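The following paragraphs lead the reader through selected features of the structure shown here. They turn to helix packing, and then to individual positions in loops.

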Amino acid sequence: MKADILTEKHRLGLGGVAIGTAFEPLTDGDSYEVLQKAWDLGICYYDTSPWYGLTKSERRFGNYLHGQNREDFVLSTKVGRLFVEVPEDEVPPTMWQDPLHYDFEHNYTADAIKRSIEESLERLRLDYIDIIYVHDLSEDQVGDRYPYFLKQAREGAFKVLSELRDQGIIKAWGMGVNKIEPILDCLDSADPDICLSATQYSILEHEDAVDRLLPAVKKAGVKLVSGAGYNSGFINGRPRYNYKDVIPKGMTEKRDRISTIAKKYNIDIVDAALHFVLAADEFISIIPGASKPEQVEDNVNALQKKIPAEFWKELQSEGLIYEKAQIPS
């Protein structure tokens with residue numbers, strides 16, 4: 001990575017989707033309890049976005065982190081949407097359970113990126129942002145306008161973010177997306193440092209990433225952060241998969257089988273899921289979200305678990321892990 005910003009102490013971070021009320025309403029007080037627990041347990045990488053809760057997540061992270069020593073943590077946020085305050089009855093329907101009163105538009109031009117960063121700094125109450133991810137520039141978010149927005153980003157976002165990095169205003173940038181293609185397209189036309197790979201790589205689903213994504217980022221010297229290593233809670237038993245209510249065929253059975261094998265070795269599937277992602281050389285960090293302090297504690301405990309080599313061999317022998325995937329040594 002060009003900017004060696006994430007190190008061993010950042011292997012476990014905290015993502016801001018749940019704090020943005022993705023799955024349930026969360027009060028400010030609830031979110032500060034989560035952030036305080038993360039801080040107390042030594043987590044020092046925080047990821048948010050103006051998209052989460054229509055600016056709510058950024059504000060909450062900012063209100064908490066504003067009181068901490070800025071050199072003691074790394075923060076990433078995202079660009080790609082601009083927000084405008086609207087009356088309550090004009091807030092568009094989104095995935096957020098309790099968003100603020102904003103409407104938005106996708107915009108990846110240079111001017112929009114600069115404006116987005118300025119507005120994020122204001123909401124975050126910070127002097128600088130460490131990592132900027134170009135957010136949701138992906139067909140699952142912008143549909144058939146993807147080629148249009150990709151051209152916009154190549155001429156705007158990618159260039160301006162490289163300039164801001166070279167000027168020292170940000171330390172690193174890359175893509176923050178749910179699909180493989182946008183990262184490959186970015187590598188073809190720009191020089192990112194680090195990408196947030198949200199739903200492309202988990203213990204349940206990783207074959208395509210192993211074959212296409214990991215070799216490409218390795219060749220480019222780009223590192224990855226895992227944004228949904230638990231498939232947005234599905235591994236924990238939630239009735240959703242990668243932020244959607246539709247569970248892919250066979251995934252429930254696969255999850256349950258891995259969970260059963262894990263119990264034989266006195267571990268939990270969450271422990272296995274976290275260690276599986278971090279075993280890949282290309283992944284430098286995993287940033288599961290949390291809506292309760294206990295979930296943060298569970299993640300920290302999972303990171304410290306020792307997982308027997310026999311467990312991984314059994315998963316491989318049953319074909320539950322792709323034969324080309326890296327496993328913990």
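An angle between two axes counts as roughly parallel under 35 degrees, as roughly antiparallel over 145, as roughly perpendicular from 65 to 115, and as oblique for the rest. The model to which this terminology is applied here is a predicted one.

Consider helix H3, which spans residues 110-124, and helix H6, which spans residues 157-166. Their axes lie 8 Å apart, and the two helices pack at an angle of about 50 degrees. H3 and H6 are therefore oblique to each other. The crossing in which H3 passes H6 is right-handed. On the side of H3, the residues that meet H6 are Ala-110, Ile-113, Lys-114 and Ile-117; on the side of H6, they are Ala-157, Val-160, Leu-161 and Leu-164. By class, this contact comprises seven nonpolar residues, no polar residues and one charged residue.

Another pair of helices is formed by H10, residues 269-279, and H11, residues 293-304. Their axes come within 9 Å and cross at roughly 65 degrees. H10 likewise passes H11 in a right-handed crossing. From H10, Val-270, Asp-271, Leu-274, His-275 and Leu-278 take part in the contact, and they meet Asn-299, Ala-302 and Leu-303 of H11. The residues of this contact divide into five nonpolar, two polar and one charged.

The loop between strand S10 (283-286) and H11 holds Ala-290. Is Ala-290 buried or exposed? Its relative accessible area is 1%, and residues under 20% count as buried, so Ala-290 is buried. Apart from neighbours within four places in sequence, Ala-290 is in contact with Leu-14, Gly-15, Ala-18, Ile-19, Val-34, Gln-295 and Val-296. Gly-237 stands 53 residues from Ala-290 along the chain, and the C-alpha atoms of the two residues are separated by 14 Å.

Thr-21 is located in the loop between strand S1 (14-15) and helix H1 (28-40). Although Thr-21 is not a glycine, its phi is positive, at about 70 degrees. With a relative accessibility of 0%, Thr-21 counts as buried. Ser-232 belongs to the loop between strand S9 (223-226) and helix H9 (251-264). Ser-232, a residue other than glycine, has a positive phi near 55 degrees. The relative accessible area of Ser-232 is 8%, and this residue is therefore buried.

Note on methods
Residues are numbered from 1 along each chain as its sequence is written. This is a predicted model: local features need pLDDT of at least 70, side-chain atom pairs count only at pLDDT 80 or more; totals for chains, interfaces and linings use all residues. Side-chain values use heavy atoms; hydrogens and water are left out. Axes are lines fitted to C-alpha atoms, for helices over the stretch in contact, and angles run from 0 to 180 degrees between N-to-C directions. Helices (H or I, at least four residues) and strands (E, at least two) are DSSP runs, numbered from the N terminus. A crossing is left-handed if the near helix is turned anticlockwise from the far one by less than a right angle, and right-handed if clockwise. Contact means heavy atoms within 4.5 Å. Ala, Val, Leu, Ile, Met, Phe, Trp, Tyr, Cys and Pro count as nonpolar, Asp, Glu, Lys and Arg as charged, and the others, Gly among them, as polar. Buried means under 20% relative accessible area, exposed over 50%, partly exposed in between (1.4 Å probe, protein chains only).
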